[in-house]
Amino acid sequence: MSFIFSTHPLHPAAEAVLKAAGDLRVASAPDPETLLREGRGAGIVVVRAPIPPAFFEDAPALRAAIRHGAGLDMVPMDAANRVGVLVANVPAVNASTVAEHVFLVTLALLRRFRLMDRELRQRGWAAGRGQSDGASDLGGRTMGIVGMGNVGKAIFRIAKFGFGLEVVATSRSPERVPDGARFLPVDDLVAMADIVVLCCPLTSETTGLLNAGRIGRMKPDAIVVNVSRGPVIDDAALIEALREGRIGGAALDVFAIQPLPLDHPYFGFDNVIVTPHLAGLTDESMMRMGTVAASEVLRVMKGELPVNLRNPEVVEHYRRRFPA
């Protein structure tokens with residue numbers, strides 16, 4: 001009898017649903033070796049960590065990989081497609097949570113919160129208050145949004161209707177840019193924006209998108225916020241610009257190497273906010289992602305296709321493997 005395998009613990013509400021439906025097993029660690037060893041024989045995998053392609057080899061019971069979240073970069077699609085495994089994700093449910101995080105860190109950078117808090121605690125009231133001399137308003141600025149999916153649109157709504165910002169945006173599909181935002185090619189966007197927000201999916205086209213040339217086009221006091229994926233930024237180029245004071249700062253939630261080593265240069269900058277890939281994580285968003293992922297698991301267990309199926313081209317192969 002195959003089992004449901006999750007790379008990480010899930011919200012209690014989601015675990016309760018899955019335990020009621022079958023044998024739920026949670027990986028003891030999310031590294032590839034552990035996933036391969038403990039996930040052997042699984043019927044469905046819930047994905048919160050990168051899955052090695054070998055997970056799909058010699059896996060006759062494996063029906064589906066359900067992504068706990070929106071980004072599909074954690075699932076080796078070629079490997080899943082080759083063997084007829086369904087892949088689904090959970091889009092949109094944490095978009096508002098990520099958008100809130102963008103404004104949390106943007107305001108923290110503009111108001112010099114890290115420095116203020118440190119100076120207040122270490123040197124006292126006047127030293128902390130003195131950081132306001134270099135603080136800046138968010139109002140009146142231009143926000144550039146790279147990627148106009150569910151997260152980008154949630155950021156746009158808060159920027160435009162919450163703070164009254166001018167919004168420029170770029171997207172693979174210009175028609176997705178909503179009324180109230182102006183489409184710009186990425187080279188023009190980085191030159192115009194005071195805040196550049198990266199919320200695009202990781203693809204071959206977006207890898208290294210914020211490179212040395214585009215960082216060089218940014219305003220000297222502009223900040224960059226990355227809630228997409230780490231490889232979208234050329235780290236060496238950003239670190240050089242920060243060291244030379246050529247941009248105002250950065251708020252980074254995702255990195256090419258995770259966990260980020262504690263001796264990484266990003267930790268050495270007062271104008272960099274580092275968060276451990278949690279922009280989309282709150283109790284509420286974890287419940288939404290977990291329960292929607294669990295509902296997709298239940299559909300597959302009943303012989304149905306997931307609502308958010310992302311590789312419909314494998315359905316014929318899948319039906320041959322698991323006849324209705």
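Hi everyone, let's start with helix H10, residues 235-243, where Ala237, Leu238, Ile239, Ala241 and Leu242 are buried. Before I go on, please keep in mind that this is a predicted model.

So what do the buried residues of H10 pack against? Their partners are helix H9 (212-217), strand E10 (223-226), and the strands E11 and E12. At its start, Asp234 has a side-chain oxygen that comes to within 3.2 Å of the backbone nitrogen of Ala236. Just after H10 you will find Gly245, with a positive phi of about 70°.

Next, please turn to the sheet. Five strands make up an open sheet, and if you walk across the sheet the order is E2-E1-E3-E4-E5, with parallel pairing. Which strands stand at the edges? They are E2 (24-26) and E5 (86-88); each has a single partner strand, so one side of each is left without a neighbour in the sheet. On average, neighbouring strands here are turned by 20° against each other, ignoring direction.

Let me zoom in on one pairing. Strand E1, residues 3-6, runs parallel to strand E3, residues 42-47, and four bridges join the two.

Now for some charges. Side chains of opposite charge can pair when their charged atoms come close. How many salt bridges does a search of the whole structure find? The count is 16, and I'd like to show you a few.

As a reminder, an α-helix has 3.6 residues a turn, so residues three or four places apart point the same way. Are the two partners buried or exposed? Glu15 has 16% relative accessibility, so Glu15 counts as buried, while Lys19, at 52%, counts as exposed.

My other example is a network of salt bridges that links Arg118, Glu119, Arg123 and Asp270. Let's begin with Arg118, which is partly exposed, with a relative accessible area of 32%. Arg118 forms a salt bridge with Glu119, where the closest N and O atoms are 3.9 Å apart. Glu119 is buried, with a relative accessible area of 9%.

Arg118 also meets Asp270 in a salt bridge between their side chains, at 2.8 Å from N to O. This pair connects distant parts of the chain, 152 residues apart: Arg118 belongs to helix H5 (residues 113-123), and Asp270 lies in the loop between strand E11 (249-252) and strand E12 (272-274). Asp270 is partly exposed, and its relative accessible area is 35%.

One last stop: Glu296, which you will find in helix H11, residues 283-301. Is Glu296 buried or exposed? With a relative accessible area of 1%, Glu296 is buried. The side chain of Glu296 makes a polar contact, at 3.0 Å, with the side chain of Arg299. Leaving aside residues up to four places away in sequence, Glu296 touches Ile66, Ala88, Asn89, Pro306, Val307 and Asn308.

Terms used:
Residues are numbered from 1 along each chain as its sequence is written. This is a predicted model: local features need pLDDT of at least 70, side-chain atom pairs count only at pLDDT 80 or more; totals for chains, interfaces and linings use all residues. Side-chain values use heavy atoms; hydrogens and water are left out. Two strands pair if DSSP finds at least two bridges between them. Axes are lines fitted to C-alpha atoms, for helices over the stretch in contact, and angles run from 0 to 180 degrees between N-to-C directions. A salt bridge is a side-chain nitrogen of Lys or Arg within 4 Å of a carboxyl oxygen of Asp or Glu. Buried means under 20% relative accessible area, exposed over 50%, partly exposed in between (1.4 Å probe, protein chains only). Contact means heavy atoms within 4.5 Å. A polar contact is a pair of N or O atoms within 3.5 Å; within protein, one must be able to donate a hydrogen and the other to accept it, and residues adjacent in sequence count only if both atoms are side-chain atoms.
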